[in-house]
Amino acid sequence: MANQVKKYQTQWAAQFYVAAELTRRGYLVSLTLGNAPVADLLVVSPNGEHFMVDVKGQATKNFWLIKRRAPRDDLFYILVYLPKDEHPKFFILSSHELMREREEYRKRIESKGRKYRDELGGINWSTALRYENRWDKLPR
(Lines give C-alpha, C1' and ligand atoms only; values in the text may rest on other atoms or scores of the structure.)
Protein backbone atom coordinates (compact mmCIF):
# COMPACT_ATOMS: atom_id res chain seq x y z
CA MET A 1 0.00 0.00 0.00
CA ALA A 2 2.82 2.44 0.82
CA ASN A 3 4.28 1.95 -2.67
CA GLN A 4 0.92 2.83 -4.27
CA VAL A 5 0.64 5.97 -2.11
CA LYS A 6 4.15 7.03 -3.21
CA LYS A 7 3.15 6.48 -6.86
CA TYR A 8 0.08 8.73 -6.48
CA GLN A 9 2.09 11.39 -4.65
CA THR A 10 4.70 11.40 -7.42
CA GLN A 11 2.05 11.66 -10.15
CA TRP A 12 0.20 14.50 -8.43
CA ALA A 13 3.44 16.37 -7.76
CA ALA A 14 4.43 15.94 -11.42
CA GLN A 15 1.11 17.36 -12.61
CA PHE A 16 1.39 20.38 -10.33
CA TYR A 17 5.01 21.01 -11.34
CA VAL A 18 4.03 20.95 -15.02
CA ALA A 19 1.03 23.21 -14.41
CA ALA A 20 3.23 25.66 -12.50
CA GLU A 21 5.95 25.67 -15.16
CA LEU A 22 3.46 26.20 -17.98
CA THR A 23 1.78 29.02 -16.04
CA ARG A 24 5.18 30.62 -15.42
CA ARG A 25 5.74 30.52 -19.20
CA GLY A 26 2.47 32.36 -19.93
CA TYR A 27 0.10 29.45 -20.61
CA LEU A 28 -3.37 29.09 -19.09
CA VAL A 29 -3.72 25.69 -17.45
CA SER A 30 -6.64 23.70 -16.14
CA LEU A 31 -6.31 20.40 -14.28
CA THR A 32 -8.73 17.73 -15.45
CA LEU A 33 -8.86 16.26 -11.92
CA GLY A 34 -9.67 12.62 -12.23
CA ASN A 35 -9.17 9.75 -14.57
CA ALA A 36 -9.47 11.75 -17.77
CA PRO A 37 -9.23 9.42 -20.76
CA VAL A 38 -6.91 11.62 -22.80
CA ALA A 39 -4.99 14.13 -20.71
CA ASP A 40 -4.19 15.51 -17.27
CA LEU A 41 -4.06 19.18 -18.28
CA LEU A 42 -6.04 21.37 -20.66
CA VAL A 43 -3.87 24.24 -21.85
CA VAL A 44 -4.21 27.47 -23.82
CA SER A 45 -1.00 28.88 -25.30
CA PRO A 46 -0.10 32.59 -25.03
CA ASN A 47 -1.37 32.96 -28.63
CA GLY A 48 -4.68 31.23 -27.87
CA GLU A 49 -4.04 27.71 -29.21
CA HIS A 50 -5.77 24.97 -27.23
CA PHE A 51 -4.00 21.67 -26.53
CA MET A 52 -3.78 18.88 -23.97
CA VAL A 53 -0.92 17.52 -21.89
CA ASP A 54 -0.61 14.02 -20.50
CA VAL A 55 1.82 14.05 -17.56
CA LYS A 56 3.85 11.03 -16.49
CA GLY A 57 5.87 11.29 -13.29
CA GLN A 58 8.44 9.04 -11.68
CA ALA A 59 10.90 9.38 -8.81
CA THR A 60 13.60 7.03 -10.15
CA LYS A 61 15.43 6.68 -13.46
CA ASN A 62 13.30 3.88 -14.86
CA PHE A 63 11.53 2.88 -18.02
CA TRP A 64 8.67 5.24 -18.91
CA LEU A 65 5.55 3.08 -19.15
CA ILE A 66 3.29 4.63 -21.81
CA LYS A 67 0.09 3.17 -23.24
CA ARG A 68 -0.19 3.01 -27.01
CA ARG A 69 -2.76 5.34 -28.51
CA ALA A 70 -3.32 7.10 -31.78
CA PRO A 71 -1.20 10.27 -32.07
CA ARG A 72 -3.02 13.60 -31.99
CA ASP A 73 -1.80 17.00 -33.12
CA ASP A 74 -3.26 18.62 -29.99
CA LEU A 75 -1.73 16.20 -27.45
CA PHE A 76 1.68 16.47 -25.84
CA TYR A 77 3.40 14.38 -23.21
CA ILE A 78 5.50 15.84 -20.43
CA LEU A 79 7.51 13.24 -18.56
CA VAL A 80 8.68 14.47 -15.16
CA TYR A 81 11.54 13.00 -13.19
CA LEU A 82 11.12 13.93 -9.52
CA PRO A 83 14.16 12.78 -7.56
CA LYS A 84 14.13 13.34 -3.83
CA ASP A 85 15.88 16.56 -2.79
CA GLU A 86 16.51 17.73 -6.38
CA HIS A 87 14.69 19.94 -8.85
CA PRO A 88 12.40 18.12 -11.29
CA LYS A 89 13.48 17.41 -14.85
CA PHE A 90 11.00 17.80 -17.71
CA PHE A 91 10.97 15.88 -20.98
CA ILE A 92 8.53 17.23 -23.60
CA LEU A 93 7.33 15.22 -26.60
CA SER A 94 4.49 15.52 -29.06
CA SER A 95 2.21 12.51 -29.09
CA HIS A 96 3.52 11.71 -32.60
CA GLU A 97 7.11 11.63 -31.29
CA LEU A 98 6.26 9.55 -28.25
CA MET A 99 4.28 6.95 -30.20
CA ARG A 100 7.11 6.75 -32.76
CA GLU A 101 9.69 6.25 -29.99
CA ARG A 102 7.43 3.64 -28.39
CA GLU A 103 7.18 1.77 -31.69
CA GLU A 104 10.96 1.88 -32.16
CA TYR A 105 11.35 0.37 -28.69
CA ARG A 106 9.01 -2.48 -29.71
CA LYS A 107 11.05 -3.13 -32.86
CA ARG A 108 14.31 -3.22 -30.87
CA ILE A 109 12.87 -5.75 -28.42
CA GLU A 110 11.51 -7.99 -31.17
CA SER A 111 14.72 -7.77 -33.24
CA LYS A 112 16.53 -9.35 -30.29
CA GLY A 113 14.12 -12.30 -30.42
CA ARG A 114 12.41 -11.28 -27.18
CA LYS A 115 8.68 -11.27 -26.67
CA TYR A 116 7.13 -7.81 -26.62
CA ARG A 117 4.13 -7.14 -24.36
CA ASP A 118 2.22 -4.10 -25.58
CA GLU A 119 0.71 -3.39 -22.16
CA LEU A 120 4.26 -2.92 -20.86
CA GLY A 121 5.36 -0.67 -23.73
CA GLY A 122 6.91 2.74 -23.46
CA ILE A 123 10.36 4.25 -23.80
CA ASN A 124 13.70 3.85 -22.06
CA TRP A 125 15.02 6.46 -19.65
CA SER A 126 17.84 7.31 -22.08
CA THR A 127 15.39 7.94 -24.94
CA ALA A 128 13.63 10.65 -22.92
CA LEU A 129 16.91 12.52 -22.38
CA ARG A 130 16.81 13.80 -25.97
CA TYR A 131 13.64 15.70 -25.11
CA GLU A 132 14.76 17.38 -21.88
CA ASN A 133 13.46 20.94 -21.52
CA ARG A 134 12.05 20.97 -25.05
CA TRP A 135 9.39 23.54 -24.16
CA ASP A 136 9.75 24.85 -27.71
CA LYS A 137 7.74 21.83 -28.91
CA LEU A 138 4.56 23.20 -27.35
CA PRO A 139 2.24 25.60 -29.20
CA ARG A 140 3.27 29.21 -28.71
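In which strand is the place of Asp-54? Asp-54 sits in strand β3, which covers residues 50-58. The model is predicted, so local features need pLDDT of at least 70, side-chain atom pairs count only at pLDDT 80 or more, and totals for chains, interfaces and linings use all residues. Residues are numbered from 1 along each chain as its sequence is written, and side-chain values use heavy atoms, with hydrogens and water left out.

**Overall build**

- The chain has three helices and seven strands; helices (H or I, at least four residues) and strands (E, at least two) are DSSP runs, numbered from the N terminus.
- Along the sequence these elements follow the pattern α-β-β-β-β-β-β-α-β-α.
- The radius of gyration of the chain is 15 Å, close to the 14 Å that the globule rule gives for 140 residues, so the chain is as compact as a globular protein of that length. The radius is taken over C-alpha atoms, and the rule is 2.2 Å times the number of residues to the power 0.38.
- The C-alpha trace spans about 45 × 35 × 25 Å along its principal axes.
- Of the 140 residues, 41% count as buried (buried is under 20% relative accessible area, exposed is over 50%, partly exposed is in between, with a 1.4 Å probe and protein chains only).
- Among contacts (heavy atoms within 4.5 Å) with a separation of 6 or more, 49% join residues 24 or more positions apart.

**Asp-54 and its surroundings**

- Asp-54 counts as buried, at 4% relative accessibility.
- Leaving out residues up to four places away in sequence, Asp-54 touches Val-38, Ala-39, Asp-40, Arg-69, Leu-75, Phe-76, Tyr-77 and Ile-78.
- Asp-54 and Phe-76 are 22 residues apart in sequence, and their C-alpha atoms are 6.3 Å apart in space.
- Lys-56 forms a salt bridge with Asp-54, with 3.6 Å between the closest N and O atoms (a salt bridge is a side-chain nitrogen of Lys or Arg within 4 Å of a carboxyl oxygen of Asp or Glu).
- Lys-56 counts as partly exposed at 24% relative accessibility, whereas Asp-54 is buried.

**Helix α2**

- Helix α2 covers residues 95-111, and its 17 residues reach 24 Å from first C-alpha to last, close to the 24 Å expected at 1.5 Å a residue. The expected span is 1.5 Å times one less than the number of residues.
- The buried residues of α2 are Ser-95, Glu-97, Leu-98, Met-99, Glu-101, Arg-102, Tyr-105 and Ile-109.
- Their cover includes β5 (75-81), β6 (89-94), β7 (122-123) and α3 (125-128).
- Just after α2, Gly-113 has a positive phi of about 80°.

**Other salt bridges**

- The structure holds 16 salt bridges.
- Arg-100 pairs with Glu-104 in a salt bridge, the closest N and O atoms being 3.8 Å apart. These two residues are separated by about one helical turn, because they are four residues apart in helix α2.
- Arg-100 is partly exposed at 42% relative accessibility, and Glu-104 is partly exposed at 33%.
- A network of salt bridges links Arg-100, Glu-101, Glu-104 and Arg-130.
- Asp-74 and Arg-72 also meet in a salt bridge (2.9 Å, N to O); Asp-74 is partly exposed at 29% relative accessibility, as is Arg-72 with 34%.

**Surface**

- The accessible surface of the chain comes to about 8500 Å², and 51% of this belongs to carbon and sulfur atoms. Accessible areas come from the Shrake-Rupley method with a 1.4 Å probe; for residues, only the protein chains shown count as cover.
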